Amino acid sequence: QVQLVESGGGLVQAGGSLRLSCAASGNILSIDAVGWYRQAPGKQRELVTSMSSGGSTTYVDSVKGRFTISRDNAENTVYLQMNSLKPEDTAVYYCVANIRSTTTYSQDYWGPGTQVTVSS
């Protein structure tokens with residue numbers, strides 16, 4: 001069964017950087033669209049960034065110029081580089097990926113999330 005696991009979260013001071021990784025494992029045939037969501041305390045989950053299988057990207061306005069999504073299909077890994085972090089970036093970050101596997105033709109998979117805390 002396909003699984004996603006995020007890593008790289010932690011505590012950082014405002015202005016600092018973190019790089020999140022999302023590693024997919026299992027009987028993977030291909031990874032198509034990927035993205036990162038986040039949910040801050042008391043707020044709804046929001047889409048932070050996405051990347052299509054063709055490489056086109058989207059970013060929520062609040063992170064444009066600071067965050068970058070990338071992927072390494074050979075390693076079945078998605079990354080989120082976060083620079084110039086602000087306290088308002090504090091949230092649980094979730095990786096999501098549309099994956100074709102040997103058991104499921106196409107399905108969205110979610111990681112369990114990783115906490116990012118930015119101190120002021």
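Which residues have the most contacts inside the largest nonpolar core? The structure is a predicted model, in which local features need pLDDT of at least 70 and side-chain atom pairs count only at pLDDT 80 or more, while totals for chains, interfaces and linings use all residues. Residues are numbered from 1 along each chain as its sequence is written, and side-chain values use heavy atoms, with hydrogens and water left out.

A nonpolar core is a set of buried Ala, Val, Leu, Ile, Met, Phe, Trp, Tyr and Cys residues joined through side-chain atoms within 4.5 Å; buried means under 20% relative accessible area, exposed over 50%, and partly exposed in between (1.4 Å probe, protein chains only). The largest such core has 29 residues, and those with the most contacts inside it are Leu4, Trp36, Phe67, Met82, Tyr93 and Ile99. Its largest share, five residues, comes from β9. Strands (E, at least two residues) are DSSP runs numbered from the N terminus, as are helices (H or I, at least four). In soluble globular proteins, nonpolar side chains tend to be buried together.

The search of the whole structure finds one disulfide, a pair of cysteine sulfur atoms within 2.5 Å. This disulfide joins Cys22 to Cys95, with an S to S distance of 2.2 Å. The pair links distant parts of the chain, 73 residues apart: Cys22 lies in strand β3 (residues 18–25) and Cys95 in strand β9 (residues 91–101). The disulfide of Cys22 and Cys95 is left-handed because the torsion about its S-S bond is about -80 degrees. Both Cys22 and Cys95 are buried.
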